[in-house]
Amino acid sequence: MKLAAESLVLVRGSRTIVDGLSFAVQAGRALALTGPNGVGKTTLIRAIAGFLTPASGTIRLDGGEPDLTLAEQSHYIGHLNGMKSSLTVEENLAFWALYLRDATAVALQDRVSDALAGFELDVLRDIPAGYLSAGQKRRLGLARLLVARRPVWLLDEPTVSLDARSTELLAAAVDRHTESNGIVIAATHLALGLSRTDELQLSPHRAVA
Amino acid sequence: MRGAFATFVALVRRDLVLAVREGGALGTALGFFLIVVALMPLGLGPDLNLLSRIASGVLWIALLLAALLSLPRIFEADYEDGALEVMAMGELPMEMVAAAKSLAHWISTGIPLALMAPMLGILLNLDLASAPVLVATMLAGTPAISFLGSIGAALTLKARRGGLLLALLVLPLYIPTLIFGISTVNAASLASDSFWPSFAILVALSLGSAVLGPIAAAAAVKFQIQ
């Protein structure tokens, strides 16, 4: 399996953000997107997630499920966590486990338990998500990665508001994912301490007048 | 296909649970409905014949306005907390997501408003014999409010304080439902032959909007989350 982008051009409004970018990530590898603020890391990740249609160029997942789009085989963790404050931690994860149906035969309840354990949310399982601290909410958002098995993880600043321990949990989850031949693309300016990681340095695009 | 149906049901159920737990939307809509109807006799004077003649029309218009208040909630909360983006990456097509959320809106807002109408009708000296017909037309007509309203809700997602814009966008779309809702009630009270044709058109409007509304709303949502 390989995620490949070829001569990708991304435009927002009249601004060209990414111009002629090509890269490939092999199964079992993580790609860290680095570069200064505003360089287009979020835009690139959102394009891979299918929210933004490239002005030209292609993004492909070779060797994935032929019937599914790239977005349907990806997890996207953006700036928002996508969790309901009036549902409990467990209810939130159970909904996404059902909604993001995965291909494995693992029972829904087990997937939720694994996700709770993976980000040490067990003790919080019956608490409404609205009562969590910012860091706990972020862990809940990240736990979505584990409720459904999807080969591509797209992480946009995943370590925001995480403490050191939680960052380790995330690094461990990412590590297990690449070990089982998953693909991770992460925009972060904190080193996650990931093994099997390549780096893609984005540089500001100079608009040609 | 079975999986898609289970996902659809899960989404409807989640929206209903949220509507119950967060409560505010339905309370506001019902309260608004009550206030608008209660203001009518104060403004028009205590002429019972006049009030009972216009009761069904006033109730229908007040119901439209009350439902309008709660329309932004179809997509807004999920847009603001990022859940809509995750839904866009699921296997359920965005059209079905929009349909599920509109259906949940109808169940949590349209049905309670319709059931409350005869009680408010007492304030307007509504002929109680026509109350069942009024409720029937409202139950048949309110799906159009939710499904057409979802288009406006999706289009105004990014607009700050988009409520007024939403009203301007969707109220014109409700005109056919309003016309045939009232004409069905009138036909029933006159025992005229046109009851069933009017009622059938009212149902057809709801069914048509249940098909077309989600398609348009999904296109708008996809554009908004770019």
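This is a predicted model: local features need pLDDT of at least 70, side-chain atom pairs count only at pLDDT 80 or more; totals for chains, interfaces and linings use all residues.

Residues are numbered from 1 along each chain as its sequence is written, chains are lettered from A in the order in which they are written, and side-chain values use heavy atoms, leaving out hydrogens and water.

Start by selecting the contact (heavy atoms within 4.5 Å): 28 residues come from chain A and 27 residues from chain B. Now pick A:Phe51, A:Lys84 and A:Tyr99, which supply 29% of the area that chain A buries against chain B, more than any other three residues. Buried area is the accessible area (1.4 Å probe) that two parts lose on being put together, summed over both. For chain A and chain B it is about 2500 Å², with 59% from carbon and sulfur atoms.

A salt bridge here is a side-chain nitrogen of Lys or Arg within 4 Å of a carboxyl oxygen of Asp or Glu, and the count between chain A and chain B is four.

Finally, select B:Ile35, B:Leu39 and B:Leu42. Together they form a nonpolar patch on the surface with about 340 Å² of accessible area. Patch residues have over 30% relative accessible area and no salt bridge, with like charges joined within 9 Å and nonpolar side chains (Val, Leu, Ile, Met, Phe, Trp, Tyr) within 5 Å; areas come from the Shrake-Rupley method with a 1.4 Å probe, and for residues only the protein chains shown count as cover.
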